[in-house]
Amino acid sequence: MLRLPDPPLSNKDVSLWPWQLTDASSLARAWRDPLIIANNGVPTDRSEQAARIWISNEVERRRAARAIDLVIMHANTLAGEVGLSGFRPDGRAGLIGWWLHEDSRGKGTAFKAVDLLAEWVLTPGSLNDAGLEMVVARCKPDNVASHKVAERAGFIHAGDDADGNQIWTRKRSI
């Protein structure tokens, strides 16, 4: 089972914590945002009820080691999400993803959240007993804002995948 940060992760600018059912309207709104749809996997059913169901399945996603999804809070506002999924079978690497509501973009919030989560999961004993050795970000080629987030958060552009997406990696410091 993937562990949640305890206490929740925070710095002077952002806090990361699990989704709550009361966040469903914010999540449903994000699922309808054209930029989020273009750059992230979102469900076909983008209703508030579907968001409540997705949120209520959070423990099962962690129990099955499929994903950890955290709300990004900035200035007492739900700004977006950062999460990990796509774990290697050995549990030593995972795929990080993020999105922000339109009114939270361009303020450095994504970089701060991505950096905070990556630092935590690369620490032994954090997410799982060993911690991850590497975090991978896969960004669409035209998503320049996410390229900048990855770079500012200490990720190195490692190349492109077969679909032309940019692959960025951040490895555990020795």
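I began with burial across the protein chain, and of its 174 residues 48% count as buried. I note here that the model is a predicted one.

Next I looked up the overall dimensions, and along its principal axes the C-alpha trace of the protein chain spans about 45 × 35 × 35 Å.

For the secondary structure I found six helices and eight strands, and I wrote down their order from the N terminus as β-β-α-α-α-α-β-β-β-α-β-α-β-β.

I then turned to the largest pocket, which holds about 1100 Å³ of space. It is lined by 42 residues, and those closest to its centre are Asn39, Asn40, Gly97, Trp98 and Trp99. Among the elements that give two or more residues to this lining are helix H1 (24-31), strand S5 (93-100) and helix H5 (109-121), and the largest share, six residues, comes from S5. Sorted by class, the lining has 21 nonpolar, 13 polar and eight charged residues.

Last I followed H5, whose 13 residues reach 19 Å from the first C-alpha to the last, close to the 18 Å expected at 1.5 Å a residue. This helix is mostly covered, with 10 of its 13 residues buried, and I listed Phe111, Leu116, Leu117 and Trp120 among them.

Note on methods
Residues numbered from 1 in each chain as written. Predicted model: local features only at pLDDT ≥ 70, side-chain atom pairs only at ≥ 80, totals over all residues. Heavy atoms only, no water. 1 Å grid on protein atoms, 1.4 Å probe; cavity = no way out; pocket = protein on both sides within 12 Å on 5 of 7 lines; lining within 4 Å. Points joined across faces, edges and corners; volume = space filled by probe spheres on them. Helix = DSSP H or I, 4+ residues; strand = E, 2+ residues; numbered from the N terminus. Nonpolar A, V, L, I, M, F, W, Y, C, P; charged D, E, K, R; others polar. Expected span 1.5 Å × (residues − 1). Buried < 20%, exposed > 50% of the residue type's maximum accessible area, 1.4 Å probe, protein only.
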